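Reader: Hey, I've just opened this one and I'm new to it. Can you walk me through it?

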Amino acid sequence: MKKFEIAVIPGDGIGKEVVPAALDVLQTVADVHGGIQFDWTEFPWNCDYYLEHGKMMPDNGLEILQGFDGIFLGAIGNPQLVPDHVSLWGLLIKIRREFEQVINIRPAKCMKGIRSPLVNPNDFDLIVVRENSEGEYSEIGGRIHRGEDEIAVQNAIFTRKGVERAMRYAFELAKKRRGHVTSATKSNGIFHSMPFWDEVFNDVKKDYREIESAAFHIDALAAFFVTRPQIFDVIVASNLFGDILTDLGGAIMGSIGIAPAANINLNGKYPSMFEPVHGSAPDIYGKGIANPIGQIWTAKMMLDHFGEDELGKKMLEVLEEVTADGIKTPDIGGNASTREVANEVCRRLKAL
Ligand code: NAD
Ligand code: IPM
Ligand code: MN
């Protein structure tokens with residue numbers, strides 16, 4: 001029996017609805033399979049916790065999390081109560097940084113039974129490898145308050161180590177897929193970091209001569225997501241470009257509510273963290289209609305990470321059967337609730 005200890009952080013808003021739904025599915029997978037067991041430990045760290053304690057997690061929060069095999073997170077953010085930069089840097093980004101989750105993988109593909117808003121989606125199947133530890137997300141910079149001349153400066157940090165690591169990950173991933181990597185750049189407009197990014201890409205690609213590669217400026221690349229997403233296999237992008245592209249990836253699938261993600265620690269020193277692309281969606285929280293597919297597909301990525309790819313594959317097949325049969329939340333054109341979708345996935349998994 002393989003046992004996985006999972007730290008569960010539902011977080012804020014719909015995180016509190018889709019996480020329990022996805023845990024039911026994971027538990028069902030474990031029950032049906034028989035060879036794996038999950039031990040869940042839930043942590044109530046979110047914006048409510050912040051209001052009570054003045055911090056997003058206890059001072060030893062990271063020490064507590066370190067002992068787990070994986071972290072399963074919903075979403076963080078309740079901007080009406082706590083400014084986003086406080087809540088996100090106090091928990092989500094802190095965990096990504098401190099646990100060296102340097103790669104964020106975010107797939108997007110046509111799903112059975114989910115209509116893409118694209119006129120001609122043509123079965124696209126792509127994956128964005130987002131550099132997850134540096135780039136535009138930096139604490140370096142500052143603000144100068146000078147009345148009308150007030151300024152804010154944000155420094156982006158690109159290290160050869162960080163950029164190369166993301167690119168090598170993308171090339172290795174492409175070997176297992178269709179053998180193509182696209183670099184998201186902007187060397188025509190960003191003076192220092194992106195020409196450097198291109199240079200590293202050109203160096204790295206020499207080690208992968210069997211892999212085809214291309215470099216697109218991010219603005220054009222974003223447009224191609226809409227007009228010709230099928231030309232992409234693996235895309236490697238900086239932290240911010242990857243962030244924006246992957247909400248777009250969710251949108252062209254049919255809803256950002258179905259887009260999954262995994263924050264990967266590569267050196268094995270710390271747990272990886274699994275959280276969907278979407279946020280806490282305050283506009284629909286409490287209605288029971290949040291799409292649980294992003295969180296469930298994220299759970300599938302956690303299974304893949306643990307080497308249980310076969311189970312993960314089955315989960316995704318069942319998800320697609322459920323959507324193909326029209327059991328869907330309103331964001332993808334159905335009228336089912338979060339619970340109804342999850343229950344149906346569980347029912348079909350049990351019937352396998
Ligand atoms: P969002 O992703 O929460 O919502 C954007 C839109 O997508 C909303 O209309 C929402 O209703 C819809 N949506 C999102 N997930 C859905 C789902 N599962 N089912 C159906 N519809 C869904 O983005 P936002 O509004 O920019 O951010 C809200 C809060 O979440 C902010 O505090 C933000 O910082 C935070 N956020 C957190 C994470 C994270 O913790 N990983 C990610 C993104 C945003
Ligand atoms: C995401 C989110 C986060 C990010 C925010 C909430 C800090 O948008 O995971 O995509 O930008 O990384
Ligand atoms: Mn995002």
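Reader: Okay, and what kind of model is it?

Author: This is a predicted model, where local features need pLDDT of at least 70, side-chain atom pairs count only at pLDDT 80 or more, and totals for chains, interfaces and linings use all residues. Residues are numbered from 1 along each chain as its sequence is written, while chains are lettered from A and ligands numbered from 1 in the order in which they are written.

Reader: How many helices and strands does the chain have?

Author: The chain has 11 helices and 12 strands; these are DSSP runs numbered from the N terminus, with helices being H or I of at least four residues and strands E of at least two. The radius of gyration is 20 Å, close to the 20 Å from the globule rule for 352 residues, so the chain is as compact as a globular protein of that length. That radius is taken over C-alpha atoms, and the rule is 2.2 Å times the number of residues to the power 0.38.

Reader: What share of the chain is buried?

Author: Buried residues make up 46% of the 352. A residue is buried if 20 or more other C-beta atoms, placed from the backbone, lie within 10 Å of its own, exposed if 12 or fewer, and partly exposed in between.

Reader: And the domains, what are they?

Author: The assignment gives domain 1 (1-102 + 260-352) and domain 2 (116-253), with bounds from an automatic or database domain assignment. Their centres, taken over C-alpha atoms, are 25 Å apart. Domain 1 and domain 2 each put 8 residues into the contact. On the domain 1 side, helix H4 (residues 84-98) supplies the largest share, 3 residues.

Reader: Which residues touch the most others in the largest nonpolar core?

Author: Val129, Ile235, Val236 and Val345 do, in a core of 100 residues. Such a core is a set of buried Ala, Val, Leu, Ile, Met, Phe, Trp, Tyr and Cys residues joined through C-beta atoms within 7 Å. Helix H1 gives the most to this core, 9 residues. Leaving aside neighbours within four places in sequence, Val345 is in contact with Val25, Ile296, Val318, Leu319 and Val322.

Reader: Tell me about H1, then. How far does H1 reach?

Author: H1 covers residues 15-33 and reaches 26 Å from its first C-alpha to its last, close to the 27 Å expected. The expected span is 1.5 Å times one less than the number of residues. Among its buried residues are Val18, Val25 and Leu26. The cover over the buried residues of H1 includes strand S1 (2-11) and helix H11 (338-351). Just after H1, Gly34 has a positive phi of about 85 degrees.

Reader: Which residue other than glycine has a positive phi near 50 degrees?

Author: Asn122 does, in the loop between S4 and strand S5 (125-131). Asn122 is exposed, because 12 other C-beta atoms lie within 10 Å. Glu100 is not a glycine either, and its phi is positive at about 45 degrees. Glu100 sits in the loop between H4 and strand S4 (103-109).

Reader: Is Glu100 exposed, partly exposed or buried?

Author: Glu100 counts as partly exposed, with 18 C-beta neighbours inside 10 Å.

Conventions. Contact = placed C-beta atoms within 7 Å.
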